Amino acid sequence: MTTDEKMMTIREMCDTYDVTPRTLRFYEQKELLTPIRKGQKRLYTKRERARLTLILRGKRFGFSLEDIRQLLDLYAVGDQQRTQLEKAYEIAETRMADMVRQRDDLDAAIGELKEQMEWGAKMIASMENKEAAE
């Protein structure tokens, strides 16, 4: 068995991908991962490792679990991942627009907060000057 074909235990998966056993069991419960079961042991194949990589990447980009599920399901379509890539691009465009909107909202909120803090600093300085003059 080559390194690529080697199955990994839940502990090895946790160490390799910096996730908790609970996270892996959650993805299994949501049917995003399907490790091989040998008694109480869960063994993860190369396919499951690739799926986990895609899940973690999707989560980092803010994709919903349903979006991730759809992308994983499209892998099996058999068109050299064209359908999967097109769907991923579509989801990414929507997510990018959401992120830009969120950034713009955050930039505006930061600007307003800075203005309020500057006003507050001036008020505090004014009060301190008034007290010092008395």
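Predicted model: local features only at pLDDT ≥ 70, side-chain atom pairs only at ≥ 80, totals over all residues.
Residues are numbered from 1 along each chain as its sequence is written, and side-chain values use heavy atoms, with hydrogens and water left out.

**View 1. The protein chain end to end.** Here we have 5 helices and 3 strands (DSSP runs numbered from the N terminus: H or I of at least four residues for helices, E of at least two for strands). Starting at the N terminus, the order is β-α-α-β-β-α-α-α. The C-alpha trace spans about 85 × 35 × 25 Å along its principal axes. Its radius of gyration is 25 Å, while a compact globule of 134 residues would be near 14 Å (taken over C-alpha atoms, with the globule rule being 2.2 Å times the number of residues to the power 0.38).

View 2. Buried residues make up 22% of the 134 (buried is under 20% relative accessible area, exposed over 50%, partly exposed in between, using a 1.4 Å probe and protein chains only). The accessible surface comes to about 10,200 Å², and 54% of that belongs to carbon and sulfur atoms (Shrake-Rupley, 1.4 Å probe; for residues, only the protein chains shown count as cover). There are 25 positive and 25 negative side chains, with the centres of the two sets 10 Å apart (Lys and Arg versus Asp and Glu, not counting His or chain ends; charges are placed at NZ of Lys, CZ of Arg, CG of Asp or CD of Glu).

View 3. The 3 strands form an open sheet in the order E1-E3-E2, with antiparallel pairing (a pair needs at least two DSSP bridges). Strands E1 (8–9) and E2 (36–38) are at the edges with a single partner strand each, so one side of each has no neighbour in the sheet. E1 pairs with E3 (residues 41–44) over 2 bridges, and Met 8 has Tyr 44 in E3 as its bridge partner.

**View 4. Two loop residues with positive phi.** Asp 18 sits in the loop between helix H1 (10–17) and helix H2 (21–29). Its phi is about 55°, though it isn't a glycine, and it is exposed, with a relative accessible area of 72%. Glu 31, in the loop between H2 and E2, also isn't a glycine and has a positive phi of about 60°.
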